[in-house]
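Please read the following report beside the sequence and the structure.

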Amino acid sequence: MTTHDFIAARRLLAGVASAALLMAAWPAQAQWLGQDYASYGVPMSNFIQLATIHNLNMIDAATPGDKKSAAAPAPLRAEAPPAVQRNAQELAQRFPAAQRAPMAQAYQDSMEVYQKIEAKMGWSRNDVGGALAAFVVGNYMAMRDTEVADEDFAAVARQMRNHPRLAGSFRQQSAASLRNLYEQSAMVGTFMALAQKSLQQTPQPTQQANLRAAARENLKLVLGADPERLHIGARGAVLE
């Protein structure tokens with residue numbers, strides 16, 4: 001998720017018919033990054049019910065030996081039909097009523113951006129591990145106000161795919177649940193990363209502080225640990 005990715009994402013969103021959202025007219029959206037954002041900015045409605053990853057110690061630091069000795073499993077894919085609009089609307093329910101429609105559209109736009117990133121990374125379409133990695137990385141970027149290199153992002157995705165307990169839990173989910181998990185993870189992670197990038201370009205201290213707080217709460221939900229311990233680098237995601 002480099003600067004180049006976000007320049008491309010900004011161009012993409014600028015060409016969307018509803019481009020008054022998210023990046024092209026960010027100041028118009030500043031109100032939902034205002035003082036209430038920390039309260040409303042944890043858009044994880046049914047993700048909590050789906051979060052088989054919660055408290056499963058999902059961040060197991062992979063050693064170089066692990067990567068060489070274990071054959072990479074086939075990516076777990078969300079095979080159910082797309083439900084982008086419904087999932088975007090569900091996530092938007094966490095926001096004040098006046099902001100739900102624009103936030104739902106912003107999440108739909110974020111999904112479009114994510115699928116461009118997914119293709120750029122060379123991942124299978126609808127790869128659940130990649131979407132979970134986007135959730136972790138996007139929130140990490142927002143919490144730390146930093147960027148994450150593509151190769152580090154890819155390392156986190158490998159962790160998500162290769163974690164045996166995660167894989168076992170996911171395969172017990174219904175096809176519809178996996179689709180929801182895939183789309184909501186991708187939407188939230190991409191949205192948080194785009195928001196962080198936009199606020200870097202136009203600093204707004206209060207909004208940035210609230211975005212960081214929301215990202216921290218998102219990560220706490222799925223890590224089951226203090227997000228301040230999280231570090232993303234060449235080894236992937238590590239709890240230090």
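## A loop residue with positive phi

Asn126 is found in the loop between H6 and helix H7 (128-144), where helices (H or I, at least four residues) and strands (E, at least two) are DSSP runs, numbered from the N terminus. Although Asn126 is not a glycine, its phi is positive, at about 70°. With a relative accessible area of 12%, Asn126 is buried; buried means under 20% relative accessible area, exposed over 50%, and partly exposed in between, using a 1.4 Å probe and protein chains only.

This is a predicted model, in which local features need pLDDT of at least 70 and side-chain atom pairs count only at pLDDT 80 or more, whereas totals for chains, interfaces and linings use all residues. Residues are numbered from 1 along each chain as its sequence is written, and side-chain values use heavy atoms, with hydrogens and water left out.

At 33% relative accessibility, Asp145 counts as partly exposed.

Gln196 has its place in helix H10 and is buried, with a relative accessible area of 3%. Gln196 and Asp145 are 51 residues apart in sequence, yet their C-alpha atoms are 6.6 Å apart in space. If its neighbours within four places in sequence are left aside, Gln196 is in contact with Met141, Ala142, Asp145, Thr146 and Leu211, contact meaning heavy atoms within 4.5 Å.

## The cavity and its lining

What lines the largest cavity? The lining residues are Ala142, Asp145, Gln196, Gln208, Leu211 and Arg212, and the largest share of them, three residues, comes from H11. By class, the lining has two nonpolar, two polar and two charged residues, where Ala, Val, Leu, Ile, Met, Phe, Trp, Tyr, Cys and Pro count as nonpolar, Asp, Glu, Lys and Arg as charged, and the others, Gly among them, as polar.

The largest cavity has a volume of about 40 Å³, and the count comes to one cavity of 30 Å³ or more. A cavity is here a set of points, on a 1 Å grid over the protein atoms alone, where a 1.4 Å probe fits but cannot get out, and lining residues have an atom within 4 Å of a point.

## Gln207 in helix H11

Helix H11 (residues 205-223) also holds Gln207, which is buried, with a relative accessible area of 15%. Gln207 and Ala195 are twelve residues apart in sequence, and from C-alpha to C-alpha they are 9.9 Å apart in space.

## The buried face of helix H5

In helix H5 (residues 84-92), the buried residues are Asn87, Ala88, Leu91 and Ala92. Seen down the axis of H5, these buried residues fall within an arc of 140°, so they line one face of the helix; the arc is that of the directions from the helix axis to the C-beta atoms. The buried residues of H5 pack against helix H6 (97-120) and helix H10 (175-201).

## The chain as a whole

The protein chain has eleven helices and two strands, and from the N terminus on its elements run α-α-α-α-α-α-α-α-α-α-α-β-β. Of the 240 residues in the protein chain, buried residues make up 55%. Among contacts between residues at least 6 apart in sequence, 80% join residues at least 24 apart.

Note on methods: 1 Å grid on protein atoms, 1.4 Å probe; cavity = no way out; pocket = protein on both sides within 12 Å on 5 of 7 lines; lining within 4 Å. Points joined across faces, edges and corners; volume = space filled by probe spheres on them.
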